[in-house]
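Visitor: I am new to this structure. Please show me how to read its features, one at a time.

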Amino acid sequence: MKIKTIIITGIVIITIFVIYLTTIDKRIYYLDLNINNYHYSEETKKYILSKNKLEKFVTGYTKVDDRTTDLINNIKQNKKIKIEDKSQAIKNALIKADLVTITTGKSDLLYKILNSDDKAYEYADEIIRDIEKLMKLLREYCKEDIILIGLINEYGNQYQELFQYINQKLGEICYENKIFFINPMSIKNTSKIDEQIEKQIKQIIQTEILN
């Protein structure tokens, strides 16, 4: 009888555990750190909503003209914003986040590289180092999925090799820190680059988070 009781108890425990795993909340707390004023975050939010999986969408920690160092300082100083009349600190948002999407570097480029062709690669390395610091800092607080979107060359063919260089380095940094990287330089049809980037973000969400 004791063995039968143990077996039945074990089956019940396993059944409860399986039910728990199949019903566990998979809703997504989505943090947007979009400096470059692209529309990826809004489209990503809509996609998660369409799947009825959005727990919370948090944005507002960045401004369009911010540089990477500004976001680093915002995290170190634990910047707070108001969401529905409640204060939300960025470190707390990073800890809670199931998904973080980030774009950065555009303001850095405008501030340095595009006005100093003779030192373009020197300044590029500075920008890369700043973004690496930011990725490591994000990883200190967010243990879930982070997607970094690389830099898009909007300035002509004379900068193509430079952007390829920067994005290659960013891809290596992301790999080291277990961060997803979307490289715009790998997209062939540049007339639909925004659409293709949005599609890649959705694929990551579908395969890595929802599944």
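**Reading the features**

Guide: Three aromatic pairs are found in this structure. Rings of Phe, Tyr and Trp (its six-membered ring) pair if their centres lie within 6.5 Å; planes under 30 degrees apart count as stacked, over 60 as edge-to-face and the rest as tilted. The model is predicted: local features need pLDDT of at least 70, side-chain atom pairs count only at pLDDT 80 or more, and totals for chains, interfaces and linings use all residues. Residues are numbered from 1 along each chain as its sequence is written, and side-chain values use heavy atoms, with hydrogens and water left out.

Visitor: How is a pair of aromatic rings described?

Guide: By the distance of the centres and the angle of the planes.

Visitor: What do strand and helix labels stand for?

Guide: They are DSSP runs, numbered from the N terminus: helices (H or I) have at least four residues, strands (E) at least two.

Visitor: Is Tyr 30 buried or exposed?

Guide: First the scale. Buried means under 20% relative accessible area, exposed over 50%, and partly exposed in between (1.4 Å probe, protein chains only). Tyr 30 has 0%, so this residue is buried.

Visitor: On to charges. What makes a salt bridge?

Guide: A side-chain nitrogen of Lys or Arg within 4 Å of a carboxyl oxygen of Asp or Glu. This rule gives four salt bridges here. One of them joins Lys 46 and Glu 43, at 3.7 Å from N to O. Both residues sit in helix H2 (residues 40-50), three residues apart, about one turn of the helix. Lys 46 is partly exposed at 46%. Glu 43 is partly exposed too, at 26%.

Visitor: Which residue does Lys 63 meet in a salt bridge?

Guide: Asp 66, with 3.3 Å from N to O. Lys 63 is partly exposed, at 47%. Asp 66, by contrast, is buried, at 4%.

Visitor: And what is the partner of Lys 106?

Guide: Glu 154, with the closest N and O atoms 3.3 Å apart. Lys 106 lies in helix H5 (residues 106-111), and Glu 154 in the loop between strand S6 (145-149) and helix H7 (160-176), so the pair ties together parts 48 residues apart in sequence. Lys 106 is partly exposed at 22%, and Glu 154 is partly exposed at 41%.

Visitor: Next, empty space. What shows where it is left?

Guide: Rolling a probe the size of a water molecule over the atoms. Lining residues have an atom within 4 Å of a point. Grid points are joined across faces, edges and corners, and a volume is the space filled by probe spheres set on the points.

Visitor: How many cavities of 30 Å³ or more are there?

Guide: One. The largest cavity holds about 30 Å³ of space. Its lining includes Lys 106 and Glu 154, along with Asn 36, Tyr 38 and Phe 163. By class, that lining has six nonpolar, one polar and two charged residues. Here Ala, Val, Leu, Ile, Met, Phe, Trp, Tyr, Cys and Pro count as nonpolar, Asp, Glu, Lys and Arg as charged, and the others, Gly among them, as polar.

Visitor: How much space lies in the largest pocket?

Guide: About 190 Å³. Among the residues lining this pocket are Ile 152, Asn 153, Gln 160, Pro 184 and Thr 190. Five of the lining residues are nonpolar, five are polar and none is charged.

Visitor: How many disulfides does the structure hold?

Guide: A disulfide is a covalent bond between the sulfur atoms of two cysteines. The cut-off is a pair of cysteine sulfur atoms within 2.5 Å. The structure holds zero. Cys 142 is buried at 0%, and Cys 174 is buried at 1%.

Visitor: Last, where is Leu 170 found?

Guide: In helix H7. Leu 170 is buried, at 2%. Its C-alpha atom is 9.7 Å from that of Met 135, 35 residues apart along the chain. Tyr 165 also lies in helix H7, but Tyr 165 is partly exposed, at 23%.

Terms used. 1 Å grid on protein atoms, 1.4 Å probe; cavity = no way out; pocket = protein on both sides within 12 Å on 5 of 7 lines; lining within 4 Å.
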